[in-house]
Amino acid sequence: MMNIQGQLLLHEGVYEMANHSEDIITYFQKLDRSFFMDELKEFAYMDEAIPIGYEQTISQPSLVLEMTLALDLQPEAKVLEIGTGSGFQTALLAAFSKTVYTIERIAELHERAKERLDEAGFTNIHFKLDDGSTGWDEHAPYDRIMVTAAAAQVPIELVEQLAIGGRMIIPVGTPLHQELLLLEKEEDGDIETTVLDEVRFVPLKGKYE
């Protein structure tokens with residue numbers, strides 16, 4: 001795992017890197033997961049979701065990587081993240097896109113993630129404390145949208161805020177059965193949906209619980 005100084009150096013040079021899957025994988029493998037945890041740091045190496053308080057978790061690392069790769073990040077992309085949480089996923093998004101807008105509904109998590117990511121040297125992340133289930137219309141459209149909590153159905157507001165040619169990753173379903181979906185908006189505005197995996201996320205609070 002890399003220390004915070006190493007993380008900063010890698011972030012500063014990331015825009016000069018070819019945006020290939022292997023670059024994301026390399027960055028991910030060096031990203032210190034424990035930096036994004038206040039407690040239970042001794043379990044950071046485990047490929048499991050770990051509680052971070054407030055009935056939330058820092059997601060399973062392999063799943064974070066799977067979702068990031070499926071999003072197909074691009075250097076000039078504007079990304080919306082629903083559910084900042086610990087900031088672990090946010091860091092990965094910000095390292096491989098131009099701008100990230102991230103929303104968190106829990107004040108304590110929002111403030112702590114902002115502190116961490118500011119300390120890590122990220123300057124391309126915009127934070128909002130709010131119900132993220134209806135997105136952040138002010139800065140739409142977004143080239144990519146990442147949702148890190150499970151909605152009962154795909155929020156129409158997020159679909160509307162997705163740019164033509166854009167991609168959205170979102171878990172959808174009940175606490176007993178959830179599917180990880182990839183939504184792609186085609187030139188005519190139609191949505192192509194692909195089921196990527198069966199998953200288990202904390203529920204998306206707000207309009208689409």
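In this model, V64, T68 and L71 of helix 3 touch F88, Q89, L92 and L93 of helix 4 (contact means heavy atoms within 4.5 Å). By class, that contact has 5 nonpolar, 2 polar and no charged residues. The model is predicted, so to speak of local features takes pLDDT of at least 70, and side-chain atom pairs count only at pLDDT 80 or more, while totals for chains, interfaces and linings use all residues. Residues are numbered from 1 along each chain as its sequence is written, and side-chain values use heavy atoms, with hydrogens and water left out.

How do you describe two packed helices? You give the angle between their axes and the distance between the axes. Helix 3 (residues 61–71) and helix 4 (residues 88–95) pack at about 30°, with axes 11 Å apart. Helix 3 and helix 4 are therefore roughly parallel (angles under 35 degrees count as that).

Now for the rings. The structure holds 6 aromatic pairs (ring centres within 6.5 Å; planes over 60 degrees apart count as edge-to-face, under 30 as stacked, the rest as tilted). Here are two of them:

| Pair | Centre to centre | Angle between planes | Type |
|---|---|---|---|
| Y27 and F96 | 5.5 Å | 85° | edge-to-face |
| Y101 and Y142 | 5.9 Å | 65° | edge-to-face |

Y27 sits in helix 2 and F96 in the loop between helix 4 and strand 4, 69 residues apart. Y101 is in strand 4 and Y142 in strand 6, 41 residues apart. Are Y27 and F96 buried or exposed? Both are buried (under 20% relative accessible area). Y101 and Y142 are buried too. Finally, F28, F35, F36 and F88 form one aromatic cluster.

Notes. Axes are lines fitted to C-alpha atoms, for helices over the stretch in contact, and angles run from 0 to 180 degrees between N-to-C directions. Helices (H or I, at least four residues) and strands (E, at least two) are DSSP runs, numbered from the N terminus. Angles under 35 degrees count as roughly parallel, over 145 as roughly antiparallel, 65 to 115 as roughly perpendicular and the rest as oblique. Ala, Val, Leu, Ile, Met, Phe, Trp, Tyr, Cys and Pro count as nonpolar, Asp, Glu, Lys and Arg as charged, and the others, Gly among them, as polar. Buried means under 20% relative accessible area, exposed over 50%, partly exposed in between (1.4 Å probe, protein chains only).
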